[in-house]
Amino acid sequence: MSKDYDVCIIGSGAGGGPVALELAKAGKSVLILEKGPWLTEKDFYKDELACCRHSVYTPQLADEKHVIEEQYRDGSWQGESTEESGWDFWNGNVVGGSSNFMSGFFYRLKPKDFRLLSEFGSIKGANIADWPISYDELEPYYTKAETEIGISGQVEQHQHQEPRSTKAFPYPPTTEHPIVKHIDKACDQLGFTSLKTPRAILSKPDMGRQSCEYSGYCGSYGCSTGAKGSSRAALLDRAIKTGNCKIVANAKVVKIESDNKGNVASVKYFGENNIEKSVSAKVVVVACQAIETSRLLLASTGPKHPNGLGNNHNQLGKNLLFSAGGSGTGEFTYSKLDKLTADQLKTRGPFVNRNLQDWYFINDKKMGGTAKGGTIDFLLRHPNPISKAMRLKRGDDDKLVWGKELKRKIKSAFASTQGLRFEVFNDWLPTDNCFVSLDNKVKDKWGSAVAKIRIGYHEHDLKVGEYLSQKAIKVLQQMNADNIRYNVSGSPPANLVAGGCRFGNDIRTSVLDKDCKVHDVDNLYITDGSFMPTGGSVPYTWTIYANSFRVADIIKKRV
Amino acid sequence: MVQSTLLNRRKFMQLLALAAAAYPLSGLAGSRQQALASDSVSKEEPWLTISAVQEHLFPAEKNSPGASDINALIYLQNMMVTPDFDNEKGELIHNGVAWLNDLAKQQHSKTFIQLDSTTKEKTLRRVENSNAGSRWLSTLLTYLIEALLSDPVYQGNPNGIGWNWLQHQPGFPLPTENKKYFKIGKNRYRHTKA
């Protein structure tokens with residue numbers, strides 16, 4: 001039977017882009033269905049209202065929402081629609097996905113991350129599993145992503161440095177903020193190894209993209225120069241140029257239809273003006289970001305998949321991962337510094353690009369000997385002025401503050417300090433209390449059941465987050481920061497999500513095989529972060545890009 | 001463009017209906033249209049009261065801008081006719097004015113704008129004691145802060161007066177008239193059922 005396309009990819013973010021580019025370059029016909037609009041550099045401005053105060057790059061919650069299930073004191077789990085709570089779990093529904101809005105802190109996983117169970121043993125209440133592939137199998141694709149996405153950085157030897165097949169990054173580090181010399185000095189005095197954080201940001205023009213312009217507004221903003229290595233700027237624009245790849249924006253896939261053999265027959269979606277359409281392909285790739293990928297497969301029942309596509313062993317949507325850890329800030333008061341230092345700290349534009357991985361693996365009695373730790377990343381406090389001032393609207397007694405008092409508070413917060421922030425990334429242990437299911441009572445505007453997300457966490461995550469936060473606080477103290485605050489919690493960051501369709505060798509405990517093909521479907525692959533059985537202790541994007549390049553090679557061999 | 005104009009128009013009519021219900025005798029419809037057309041601050045209710053509340057919440061001082069300097073009222077009016085503006089919020093903004101003036105009349109036999117500064121403060125703090133009153137004031141504060149710090153293209157923060165006061169360095173490029181947030185990817189604002 002003839003198919004409309006060789007490959008149909010649902011979702012155009014970091015999981016979809018590599019497959020699209022590789023297959024299009026190989027002369028295969030590729031169709032991408034993207035739910036959101038196709039925005040480009042010409043649509044991205046440093047406008048806080050657009051990036052962060054209105055749903056411009058994400059759906060209106062009245063139209064599309066999630067239901068978040070939290071555990072109450074009595075032990076019960078209760079769901080609340082995000083339309084009611086305002087807790088938005090969308091991350092960029094546009095061509096290129098949320099990679100348009102990332103900060104681009106790029107880290108590889110380390111070899112031991114691929115065998116967390118074997119290396120560190122089990123933890124009660126956690127579903128830790130080794131990966132079915134090793135670091136060595138993914139390494140060539142991490143390297144490939146460096147050149148294809150455009151990753152800038154500098155390799156530095158340290159005790160937990162992962163092996164590399166190339167000596168250096170293809171691009172030198174981006175320009176650094178003057179505060180880094182203070183961070184480096186403090187770390188040096190403490191005996192900590194401060195490292196330069198690789199970024200998915202071009203430090204010089206290349207591949208038809210401009211270099212970073214250092215506006216000082218990066219994370220949460222779309223990039224207007226193309227320097228940020230979004231799936232769109234780095235991959236899809238090139239895929240389109242081959243003439244073999246077509247992107248249909250504003251196309252919402254509602255179901256993947258499967259045949260009597262259990263294989264994908266067609267993809268059903270609503271296109272422009274909400275007209276229902278159907279398309280077929282030899283291979284279908286799903287990359288809608290973890291939550292929506294699980295939701296789509298759960299909704300895609302068929303004759304051989306009565307509980308959802310690939311869910312004959314009730315694994316679909318299970319072991320969802322966020323990123324555990326915490327964050328904190330310290331302030332540097334200009335009036336306490338000499339003028340030169342104060343002026344340097346006021347600089348807006350260059351990046352901080354510093355991280356600590358001394359405790360990526362911990363060997364400390366306080367943590368019961370050897371344990372998995374994580375990463376500490378340093379960055380400036382986000383420059384968004386409205387959100388900064390909004391936090392001053394209420395006093396410590398929760399009463400509203402207004403009048404001259406409010407003006408004093410705002411003036412002081414803006415003009416008298418620079419804030420240095422740290423973020424801790426440690427493993428979000430997979431548990432039975434963190435998963436995606438369908439909420440049949442709450443529907444989106446197309447009438448489909450929305451994703452219900454249970455967001456339970458493992459207590460161990462907080463222990464590691466606290467341990468690492470204390471190390472970060474030492475750095476801030478050594479730098480003589482004022483007003484040091486931090487917070488470690490089990491509240492999930494909605495923008496760091498993976499899992500739900502873990503890959504493995506056993507169909508009873510995983511959704512995907514080691515090639516990221518759904519075990520009992522011949523022509524369905526998943527290439528977003530859903531495949532990860534454990535997440536490592538870094539942001540996921542580089543690993544998602546690398547794995548998608550790996551799967552692209554596998555798909556290339558069969559179509 | 002056509003769609004966005006239509007949506008603006010629809011929202012605008014809804015707002016008028018709401019406002020008219022709260023102020024049947026104010027002749028608001030005409031003045032509202034005029035305010036939008038000319039960008040001049042309306043001298044009619046409820047805007048007169050809202051403007052006085054804004055000035056109280058964010059007063060002008062010798063070396064720092066106040067509500068009128070940052071075009072707080074025009075900014076609020078602009079936001080209230082954007083395509084994604086929440087009707088319930090519009091209702092709250094209008095109702096709050098009625099609560100406030102009822103309270104002022106009840107206690108001082110005056111409208112809010114006729115009160116002295118100390119009495120204004122006391123009256124607003126009393127309004128804050130109810131949940132709805134607190135939400136109303138919080139909403140007005142939010143739009144004040146936005147008028148102070150959002151891009152001048154939205155007509156608050158004229159010539160970056162708020163940014164300058166706070167020595168805030170904005171990013172670049174900055175949005176242009178045709179790239180206001182509600183003009184980007186505007187199919188987002190189809191609230192139609194499939």
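This is a predicted model: local features need pLDDT of at least 70, side-chain atom pairs count only at pLDDT 80 or more; totals for chains, interfaces and linings use all residues.
Which residues of helix H9 (residues 339-346) of chain A are buried?

1. In H9 of chain A, the buried residues are A:Thr341, A:Ala342 and A:Leu345. They span an arc of only 100° around the axis, which means that they lie on the same side of H9(A).

2. Turn to the face of H9(A) directed away from its buried side, and you will find the exposed residues A:Lys339 and A:Leu340. The buried residues, for their part, are covered by elements of chain A including helix H6 (179-190), strand E12 (324-333) and strand E17 (417-426).

3. The start of H9(A) is worth a look too: there, a side-chain oxygen of A:Asp338 comes to within 3.2 Å of the backbone nitrogen of A:Leu340.

4. Now for chain B, which has eight helices and zero strands. Of its 194 residues, 53% count as buried. Among contacts in chain B with a separation of 6 or more, 60% come from residues 24 or more positions apart.

5. One helix pair to inspect in chain B is H3 (residues 47-57) with H6 (residues 117-128): they pack at an angle of about 95°, their axes 11 Å apart. H3(B) and H6(B) are therefore roughly perpendicular to each other. H3(B) contributes B:Val53, B:His56 and B:Leu57 to the contact, while H6(B) brings B:Ser117, B:Lys120, B:Glu121 and B:Leu124. By class, this contact has three nonpolar, two polar and two charged residues.

Key
Residues are numbered from 1 along each chain as its sequence is written. Chains are lettered from A and ligands numbered from 1 in the order in which they are written. Side-chain values use heavy atoms; hydrogens and water are left out. Buried means under 20% relative accessible area, exposed over 50%, partly exposed in between (1.4 Å probe, protein chains only). Helices (H or I, at least four residues) and strands (E, at least two) are DSSP runs, numbered from the N terminus. The arc is that of the directions from the helix axis to the C-beta atoms. Contact means heavy atoms within 4.5 Å. A polar contact is a pair of N or O atoms within 3.5 Å; within protein, one must be able to donate a hydrogen and the other to accept it, and residues adjacent in sequence count only if both atoms are side-chain atoms. Axes are lines fitted to C-alpha atoms, for helices over the stretch in contact, and angles run from 0 to 180 degrees between N-to-C directions. Angles under 35 degrees count as roughly parallel, over 145 as roughly antiparallel, 65 to 115 as roughly perpendicular and the rest as oblique. Ala, Val, Leu, Ile, Met, Phe, Trp, Tyr, Cys and Pro count as nonpolar, Asp, Glu, Lys and Arg as charged, and the others, Gly among them, as polar.
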